[in-house]
Amino acid sequence: MASASLPIFKIRFFLFLCFIGIVSSQLSSNFYSSTCPNVLSTIKSVVDSAVSSEPRMGASLLRLHFHDCFVQGCDASVLLNDTSSFTGEQTALPNVNSIRGFGVIDNIKSQVESLCPGVVSCADILAVAARDSVVALGGVGWTVQLGRRDSTTASLSSANSDLPGFRFTLQQLEDNFNNKGFNTQEMVVLSGGHTIGRAQCFTFRTRIYNDTNIDSSFATSLRANCPSVGGDSNLAPLDSSQNSFDNAYFTDLQSQKGLLHSDQELFNGGSADSIVNGYATDASSFQTDFANAMVKMGNLSPLTGSSGEIRTNCWKTN
């Protein structure tokens, strides 16, 4: 009897181990409830202070999370500096002299490490900081799933190939987001993140001088601060309410006042027009759908369980 029950015990034990493995590979909203219970309030405090001092920082932290997740998944690879074994993602065309907010992430990481050393990943900090930035600028929040671990490598080539470009057509945008599992509506709603922040002149120069689907007075006003030659880093707001997370981005598109070529592609006689119209007239549906899409984006290929590591310093591996 004892010998016959042994295999059953082994099978049950094996299934238990499998179950533990499955659970450990999943993200959860209460991942740090016992190991670092004050992490969320700590991150929020730093983000609120940073955004209060400079509202544009909210957009920068949101973008940092996006540029992380679309390359290798949400693993904080975007934060890694170059090493002798790999070139990081910060010099990729969509990132170079563009992504920012590193000092805020440093500040958060330093405070969190003081609270609970070696527990909270940089990838999770990016995810929470993005959510808190949206809320700080008047947007609706969402429950951030936690438990990501940090990558030990980064990919310059993937950053150059996987991030959408400011000159993309609608088809290129749809293909780019579809490659990450997002449909056209999710692509449009995530693009609505451009309702906050500013962009550099070099990203919209071609649009304001060459595009025809642009409001003429809008183009003229932008040319004053973005000459045809020079002034590459001069800034312009991405929508008419750059410091408020609202649906003005979509009403601007209806008026042909999208700042980037890729923005206006969402409302240019194509398949996304009706989606833009919907969000332009229903601000609450934009907020709800954006929050849901951000949760989905935060689930892109996270490292969990024993994969990756918890970096002590977000800019280099342990």
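Trainee: Is Leu-163 buried or exposed?

Mentor: Burial is judged by relative accessible area: under 20% is buried, over 50% exposed, and in between partly exposed, with a 1.4 Å probe and protein chains only. Leu-163 is buried, because its relative accessible area is 3%. This is a predicted model, in which local features need pLDDT of at least 70 and side-chain atom pairs count only at pLDDT 80 or more, while totals for chains, interfaces and linings use all residues. Residues are numbered from 1 along each chain as its sequence is written, and side-chain values use heavy atoms, with hydrogens and water left out.

Trainee: Where is Leu-163 placed, and what does Leu-163 touch?

Mentor: Helices are DSSP runs of H or I with at least four residues, numbered from the N terminus. Leu-163 sits in the loop between helix H6 (156-162) and helix H7 (170-178). Contact means heavy atoms within 4.5 Å. Not counting residues up to four places away in sequence, Leu-163 touches, among others, Phe-66, His-67, Phe-70 and Asn-176.

Trainee: What does UniProt list for His-67?

Mentor: UniProt positions follow the numbering used here, feature names are shortened, and annotations may be inferred rather than shown by experiment. The unreviewed UniProt entry lists His-67 under "active site". His-67 lies in helix H3 (residues 56-69) and counts as buried because its relative accessibility is 5%. Leaving aside neighbours within four places in sequence, the contacts of His-67 include Val-78, Glu-89 and Leu-163.

Trainee: How many residues of H3 are buried?

Mentor: In H3, 13 of the 14 residues are buried, so this helix is largely enclosed by the rest of the structure.

Trainee: At what angle do H8 and H13 cross?

Mentor: Axes are lines fitted to C-alpha atoms, for helices over the stretch in contact, and angles run from 0 to 180 degrees between N-to-C directions. The axes of helix H8 (residues 184-191) and helix H13 (residues 273-281) come within 10 Å and cross at roughly 45°. Angles under 35 degrees count as roughly parallel, over 145 as roughly antiparallel, 65 to 115 as roughly perpendicular, and the rest as oblique. H8 and H13 are therefore oblique to each other. Thr-184, Gln-185, Val-188 and Val-189 of H8 make the contact with Ile-275, Val-276 and Tyr-279 of H13.

Trainee: Which residues of H9 meet H10?

Mentor: Phe-204, Ile-208 and Tyr-209 in H9 meet Ala-219, Leu-222 and Arg-223 in H10. Helix H9 (residues 201-210) packs on helix H10 (residues 216-223) at an angle of about 130°, with the axes 9 Å apart. That makes H9 oblique to H10.

Key. Helices (H or I, at least four residues) and strands (E, at least two) are DSSP runs, numbered from the N terminus.
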